[in-house]
Amino acid sequence: MPTIGRPGPADVNVMISIDPTKPLIIVGDTHSIDSVAKAIMYVKRHSPTGANLFHVGDTGFSFSQRRLHGQLDHIQGLLESAQSNLYAIRGNHDLRANFGDSFFSRPNLTLLADYSELSYCGRTILSVGGS
């Protein structure tokens, strides 16, 4: 459920477990769907078992819902072919309404709500989100 105003630590969502058998690769500030796609293709070439990509903001996903769905479907196809997952937190250049809503998520792609927690190899990652 979207938070009105600025969320805080009390708004932490359910813990999301990340596949510990795949490496965790952190990317961010791509500012374009093409750069997100390039990161996934890099993983496909260099990690035969796939990877977990953690995008730390400013994805470049469209503010237009019609375009956004097409972009997310394209990224989902790339993630499937790379046997990978993408978890993205909102940056200050991303639209808050697109994150944390399962309507926009895909099987291999999760747009995290602000203050979501992820678990990876016994560690907890708090995704705060942009300003």
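**Notebook: sheet and helix packing**

I started with β2 and β3, which pair in the parallel sense over four bridges; pairing requires at least two DSSP bridges between two strands. Strands are DSSP E runs of at least two residues and helices H or I runs of at least four, numbered from the N terminus. The model is predicted, so I note the limits: local features need pLDDT of at least 70, side-chain atom pairs count only at pLDDT 80 or more, and totals for chains, interfaces and linings use all residues. Residues are numbered from 1 along each chain as its sequence is written, and side-chain values use heavy atoms, without hydrogens and water.

I then looked up the whole sheet. Four strands form an open sheet, ordered β2-β3-β4-β5, with parallel pairing. The edge strands, each pairing on one side only, are β2 (24–27) and β5 (109–111).

Next I checked the helices. α1 packs on the sheet and touches β2, β3 and β4 (85–88), contact meaning heavy atoms within 4.5 Å. α2 lies across β3, β4 and β5 and runs at about 135 degrees to β5. Angles run from 0 to 180 degrees between N-to-C directions, with axes fitted to C-alpha atoms, for helices over the stretch in contact.

α1 (residues 33–46) and α2 (residues 65–81) pack at about 10 degrees, with axes 9 Å apart. They are therefore roughly parallel to each other, the term for angles under 35 degrees. Residues in the contact include I33, V36 and A37 of α1 and Q71, H74 and I75 of α2.

Methods: Parallel < 35°, antiparallel > 145°, perpendicular 65-115°, else oblique.
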